[in-house]
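Please keep the sequence and the structure in view while reading.

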Amino acid sequence: MNVCSVFKLNLFAGKVAIVTGGGTGIGATITQELAHLGCDVVIASRSEEKLRHAAEKFNSNPKLTGKVSYIPCNVRKEDQVKNLMHTVVKQFGKIDFLVNNSGGQFFCPAEEISKKGWNAVIDTNLTGTFLCCQHAFQSWMGENGGTIVNIIANMWRGFPVFCHTGAARSAVDNLTKTLALEWADKGIRINSVAPGTIYSETAAANYPRDIFSEAIKLQPTGRLGGPEEISGIVCFLLSPAAAFLTGETVKVDGAESLYKCLLQIPMHNQLPAWKWDKSKL
Ligand code: ADE
């Protein structure tokens with residue numbers, strides 16, 4: 001991962017951020033850029049071993065002036081989310097920023113998704129985000145203010161083979177608006193970022209089909225996005241430059257959402273035909 005940022009060095013010196021899923025993929029680039037700007041970052045996800053490995057890698061990079069530490073947390077478990085927020089307040093004295101980046105889904109046509117699979121994806125992507133926001137509020141931000149960014153997806157035109165995560169991410173877009181209104185008087189800003197098709201090795205290893213090669217054909221920009229193209233927007237939303245921005249979702253997708261959804265729908269003749277009278281044309 002290259003360390004680069006357009007922001008002023010030490011912009012976030014003295015700040016404390018929690019980044020869920022902050023050790024891999026897009027989350028890792030967010031962690032890296034925050035630490036590059038002087039922010040102390042706590043990364044949180046389920047595997048302690050992966051977190052330790054990621055934190056060691058970040059902390060061995062001399063370009064990162066902020067320190068990266070970790071707390072294992074399954075965002076589906078409320079007691080673990082509560083522990084994450086309480087521990088950060090205890091260890092660092094505050095939570096300035098929360099980035100809800102943890103997410104997970106599996107490739108599956110809607111008719112084949114089990115209730116268990118559906119619930120797991122809703123729990124991680126929607127309920128997990130809600131719990132992190134709620135417990136960050138209760139532990140610190142409700143009394144002291146703070147800034148939250150939720151990472152969602154390009155689900156605006158539907159999300160074939162990912163209907164579970166499409167529904168959850170769409171709900172987070174709405175949650176973002178509601179919390180921006182409910183918590184404005186507490187000094188909390190909350191926004192979302194909706195990445196388009198972003199290539200990461202973690203994501204590629206996760207899907208049975210090469211959806212990245214399929215998706216590239218539908219990109220107005222002629223290319224996929226990179227994780228570093230998301231972290232800059234997240235840092236902007238966390239920064240004072242975005243002080244008047246709340247309740248918004250920023251699409252970072254190279255205009256993909258204006259054009260098509262992720263995958264091409266097969267041609268077919270399964271719906272009733274429209275019978276027109278050619279003589280009237
Ligand atoms: N990343 C994917 N699933 C997660 C979960 N349940 N908790 C935290 N991070 C995750």
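## Helices on the sheet

Helix H2 (residues 48–59) lies across E2 and E3 and runs at about 170° to E3. Helices (H or I, at least four residues) and strands (E, at least two) are DSSP runs, numbered from the N terminus. Angles run from 0 to 180 degrees between N-to-C directions, and the axes are lines fitted to C-alpha atoms, for helices over the stretch in contact.

The model is predicted: local features need pLDDT of at least 70, side-chain atom pairs count only at pLDDT 80 or more, and totals for chains, interfaces and linings use all residues. Residues are numbered from 1 along each chain as its sequence is written, and side-chain values use heavy atoms, with hydrogens and water left out.

## The sheet

Seven strands form an open sheet with parallel pairing, in the order E3-E2-E1-E4-E5-E6-E7. Strand E3 (68–70) and E7 are the edge strands, each pairing on one side only. From one strand to the next, the twist averages 20°. Two strands are taken to pair if DSSP finds at least two bridges between them.

E2 and E3 run parallel and are joined by three bridges; the bridge partner of Ile-43 in E3 is Tyr-70. H1 packs on the sheet, touching E1, E2, E3, E4, E5 and E6 (contact means heavy atoms within 4.5 Å). The direction of H1 makes about 170° with that of E1.

## Strand E1

Five of the five residues of strand E1 (residues 16–20) are buried, so the strand is largely enclosed by the rest of the structure. Buried means under 20% relative accessible area (1.4 Å probe, protein chains only). Val-16, Ile-18 and Thr-20 point one way from E1, while Ala-17 and Val-19 point the other way. In a regular strand the side chains alternate between the two faces of the sheet.

E1 pairs in the parallel sense with strand E2 (residues 40–44) over five bridges, and with E4 over three bridges. Ala-17 stands opposite Val-41 in E2 and opposite Phe-97 in E4. Together, E1, H1 and E2 make a right-handed β-α-β unit; right-handed means that, with the strands pointing away from the viewer, the path from the first strand over the helix to the second runs clockwise.

## Helix H8

In helix H8 (residues 228–238), the buried residues are Ile-230, Ser-231, Val-234, Cys-235, Leu-237 and Leu-238. Seen down the axis of H8, these buried residues fall within an arc of 160°, so they line one face of the helix. The arc is that of the directions from the helix axis to the C-beta atoms.

The cover over the buried residues of H8 includes helix H1 (25–36) and strands E4 (97–100), E5 (146–151), E6 (188–195) and E7 (249–252).

Conventions. Buried means under 20% relative accessible area, exposed over 50%, partly exposed in between (1.4 Å probe, protein chains only).
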